Amino acid sequence: MSFLLMTWNRKKPYLAEILLSKPLSGKVSNKEVIHYEISLGDSGISYEPGDSLGVVPVNDHNLIGAVLDRLDIAPSTIPSGYNSSIFELLETNFEILTPTNRLIKFINYNIVNKELNDAILSDDRNLLIKFK
């Protein structure tokens, strides 16, 4: 019987799927600590305590689309100095995300926006999501 042994390394990473993402830090914490569970599938990898894991995030396509729409830029646009489209760059080369509460509070403190302040002070998270 023969089988193929795959060697996963930095140059040839195994792309695992995140099965679970659960915040561990509290609302008032200065750090964001998250517990992740990943699927190693048929990789043959066994993860032991002390092993390292490299995370290469891929940004959400809906978020990329929203950024490009807001900036009124075509996804196929190749920015000066780059060899990839803006969509590809935003997908894997740049970190884009929904702003953290800490950033939102910082912005509100510096611009003093009553609607934003009301949304921050409310227990209703949907107010912040809907805020424009």
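Visitor: Why are helix 1 and helix 2 oblique to each other?
Guide: In this predicted model, helix 1 covers residues 61-71 and helix 2 covers residues 86-93. Their axes are 10 Å apart. Angles from 65 to 115 degrees count as roughly perpendicular and those over 145 as roughly antiparallel. Helix 1 and helix 2 are therefore oblique, since they pack at an angle of about 130 degrees.

Visitor: Is the crossing of helix 1 and helix 2 left-handed or right-handed?
Guide: Take the two helices as a packed pair, with axes 10 Å apart. Helix 1 passes helix 2 in a crossing that is right-handed.

Visitor: Which residues of helix 2 does helix 1 meet?
Guide: Start on the helix 1 side, with His61, Ile64, Val67 and Leu68. Across from them, in helix 2, are Ile86, Phe87, Leu90 and Glu91.

Visitor: How many residues of that contact between helix 1 and helix 2 are nonpolar?
Guide: Sort the residues of the contact by class. One is polar and one is charged. The nonpolar ones number six.

Visitor: What is included in the cover of the buried residues of helix 2?
Guide: First, find the buried residues. In helix 2 they include Ile86, Leu90 and Glu91. Those three also take part in the contact with helix 1. The cover of the buried residues includes helix 1.

Visitor: Which kind of aromatic pair do Tyr82 and Phe94 form?
Guide: The count comes to one aromatic pair. In it, Tyr82 and Phe94 are 6.2 Å apart, centre to centre, with 70 degrees between the planes. Planes over 60 degrees apart count as edge-to-face. The pair of Tyr82 and Phe94 is edge-to-face.

Visitor: How many residues apart in sequence are the parts that this pair ties together?
Guide: Tyr82 lies in the loop between helix 1 and helix 2. Phe94 lies in the loop between helix 2 and helix 3. So the pair ties together parts whose separation in sequence is 12 residues.

Visitor: What is the relative accessible area of Phe94?
Guide: Both partners in the pair are partly exposed. For Tyr82, that label goes with a relative accessible area of 40%. Phe94 is partly exposed too, and its relative accessible area is 36%.

Visitor: At roughly what angle do the axes of helix 3 and helix 4 cross?
Guide: Helix 4 covers residues 114-121. Helix 3 passes helix 4 in a left-handed crossing. Their axes come within 9 Å and cross at roughly 145 degrees.

Visitor: Which residues of helix 4 does helix 3 meet?
Guide: The contact has three nonpolar, two polar and one charged residues. Helix 3 brings Ile104, Lys105 and Asn108. On the helix 4 side are Leu116, Asn117 and Ile120.

Visitor: Is Asp72 buried or exposed?
Guide: Asp72 lies in the loop between helix 1 and helix 2. Asp72 is not a glycine, yet has a positive phi of about 55 degrees. Its relative accessibility is 72%. The cut-off is over 50%, so Asp72 counts as exposed.

Visitor: What distance in space separates Val55 and Glu95?
Guide: Val55 lies in the loop between strand 2 and helix 1. Val55 is exposed, at 63% relative accessible area. Val55 and Glu95 are 40 residues apart in sequence. From C-alpha to C-alpha, the distance is 12 Å.

Visitor: What distance in space separates Ser122 and Thr7?
Guide: Ser122 sits in the loop between helix 4 and helix 5. Ser122 counts as partly exposed, at 28% relative accessibility. Ser122 and Thr7 are 115 residues apart in sequence. From C-alpha to C-alpha, the distance is 51 Å.

Key. Residues numbered from 1 in each chain as written. Predicted model: local features only at pLDDT ≥ 70, side-chain atom pairs only at ≥ 80, totals over all residues. Heavy atoms only, no water. Axes fitted to C-alpha atoms, helices over the stretch in contact; angles between N-to-C directions. Helix = DSSP H or I, 4+ residues; strand = E, 2+ residues; numbered from the N terminus. Parallel < 35°, antiparallel > 145°, perpendicular 65-115°, else oblique. Left-handed = near helix turned anticlockwise from the far one by under 90°. Contact = heavy atoms within 4.5 Å. Nonpolar A, V, L, I, M, F, W, Y, C, P; charged D, E, K, R; others polar. Phe/Tyr/Trp six-rings, centres within 6.5 Å; stacked < 30°, edge-to-face > 60°. Buried < 20%, exposed > 50% of the residue type's maximum accessible area, 1.4 Å probe, protein only.
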